[in-house]
Amino acid sequence: KLILSNLLFETDEYSLDDNFLEEVKQLAYYLKNNTEIKIEIAGHTDNVGSESYNYLLSEKRAKAVYEKLIEYGVNDNQLSYIGYGFSDPIYSNENEENRSLNRRTEIIYF
């Protein structure tokens, strides 16, 4: 499992900030040169808002990365995406700093 540490999201956002695209480009380069590798893109949120809303938001975050990888030339048969909402935090959601770290995207290799 790989956390895209430079790909964090603002509250209630799922668009990719230009500042984070370099990490996605590097992942795309790796996948294009290792076509036997398949990955799952997992979106996560903090615990602000309802469970159902955060599930959809996390899926939109994962899909944004999925679409950008395809735009960068990765074959879609190497990719899948899923949203986990706030069900799997890596930090306590007790303060804004930790919540910002939970708004993340993970890459799971198969």
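## A negative patch

E13 is found in the loop that runs between strand 1 (2–8) and helix 1. The model is predicted. In this model, E13 has a relative accessibility of 38% and counts as partly exposed.

E13 belongs to a patch of negative charge on the surface, where E10, D12, D17 and D18 also gather.

## Aromatic pairs

A pair of aromatic rings is described by the distance of the centres and the angle of the planes. With centres within 6.5 Å as the rule for pairing, the count comes to two aromatic pairs.

## Y30 and Y109

The ring centres of Y30 and Y109 are 6.3 Å apart, and the planes stand at 85°, so this pair is edge-to-face; the cut-off for that class is over 60 degrees. The pair links distant parts of the chain, 79 residues apart: Y30 is in helix 1 (residues 21–32) and Y109 is in strand 4 (residues 104–109).

Y30 has a relative accessible area of 38% and is partly exposed. Y109 is also partly exposed, at 34% relative accessibility.

## Y66 and Y81

For Y66 and Y81, the ring centres are 4.9 Å apart and the planes are at 55°, so the pair is tilted. Y66 lies in helix 2 (residues 51–71) and Y81 in strand 3 (residues 79–83), so the pair ties together parts 15 residues apart in sequence.

Y66 is buried, with a relative accessible area of 17%, because buried means under 20%. Y81, by contrast, has a relative accessible area of 29% and is partly exposed.

Notes
Residues numbered from 1 in each chain as written. Predicted model: local features only at pLDDT ≥ 70, side-chain atom pairs only at ≥ 80, totals over all residues. Heavy atoms only, no water. Phe/Tyr/Trp six-rings, centres within 6.5 Å; stacked < 30°, edge-to-face > 60°. Helix = DSSP H or I, 4+ residues; strand = E, 2+ residues; numbered from the N terminus. Buried < 20%, exposed > 50% of the residue type's maximum accessible area, 1.4 Å probe, protein only. Patch = residues over 30% accessible without salt bridge, like charges linked within 9 Å, V, L, I, M, F, W, Y side chains within 5 Å. Areas by Shrake-Rupley, 256 points an atom, 1.4 Å probe, with all protein chains shown as cover. Salt bridge = Lys/Arg side-chain N within 4 Å of Asp/Glu carboxyl O. Lys, Arg positive; Asp, Glu negative; His and termini not counted. Charge placed at Lys NZ, Arg CZ, Asp CG, Glu CD.
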